[in-house]
Amino acid sequence: MTAIYRKRDNLFTKGETEWRAENDALVRKTAGGAETRYPWAEVVAVRVRANPTMAKAWLHQTTIATKHTRLTIDNSHFAAVSEFEDRSADYSPFVRAALDRIAAMAPGARVEIGAAPVSFW
């Protein structure tokens, strides 16, 4: 079963980005329809952390590093200027599915929880 999570990043994005945790890859689909696939087998590290801010006390982030790139996905949806929605209800099952796929397809990937002591990778 594919877990799907959608969010709008900021004022300048026209629509929602869709993230899918498919069997073989993490898929990012832009509002314009362009898709990029990130194979689970290429994941080298993942970090899950709470990252609260003044405006978003509920903010959580997941960063997935592959051999070629680093992706950060959070549970915050931009609704309007100074208005954000907590999308944890969809984000949490998506992250759990992604972590399950990483464990199965990239068992050697480094997994870290929380903020890095100095900097992240």
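Strands are DSSP runs of E with at least two residues, numbered from the N terminus. In this predicted model, strand 5 covers residues 43–50 and contains Arg 47. Arg 47 has a relative accessibility of 6% and therefore counts as buried, the cut-off for that class being under 20%.

Two polar partners of the Arg 47 side chain can be named. One is the side chain of Glu 112, with which the side chain of Arg 47 makes a polar contact at 2.3 Å. The other is the backbone oxygen of Gly 114, which lies 2.3 Å from a polar atom of the Arg 47 side chain. Although Arg 47 and Gly 114 are 67 residues apart along the chain, a separation of 7.2 Å is found between their C-alpha atoms.

## Aromatic pairs

Tyr 5 and Tyr 91 are both buried. Through ring pairs, Tyr 5, Tyr 91 and Phe 94 are linked into a cluster.

## A charge over a ring

A further aromatic residue, Phe 84, has a lysine over its ring: Lys 56 lies over the face of Phe 84, at 4.3 Å from the ring centre.

Note on methods:
Residues are numbered from 1 along each chain as its sequence is written. This is a predicted model: local features need pLDDT of at least 70, side-chain atom pairs count only at pLDDT 80 or more; totals for chains, interfaces and linings use all residues. Side-chain values use heavy atoms; hydrogens and water are left out. Buried means under 20% relative accessible area, exposed over 50%, partly exposed in between (1.4 Å probe, protein chains only). Rings of Phe, Tyr and Trp (its six-membered ring) pair if their centres lie within 6.5 Å; planes under 30 degrees apart count as stacked, over 60 as edge-to-face and the rest as tilted. A charge sits over a ring if NZ of Lys or CZ of Arg is within 6 Å of the ring centre and within 35 degrees of the ring normal. Helices (H or I, at least four residues) and strands (E, at least two) are DSSP runs, numbered from the N terminus. A polar contact is a pair of N or O atoms within 3.5 Å; within protein, one must be able to donate a hydrogen and the other to accept it, and residues adjacent in sequence count only if both atoms are side-chain atoms.
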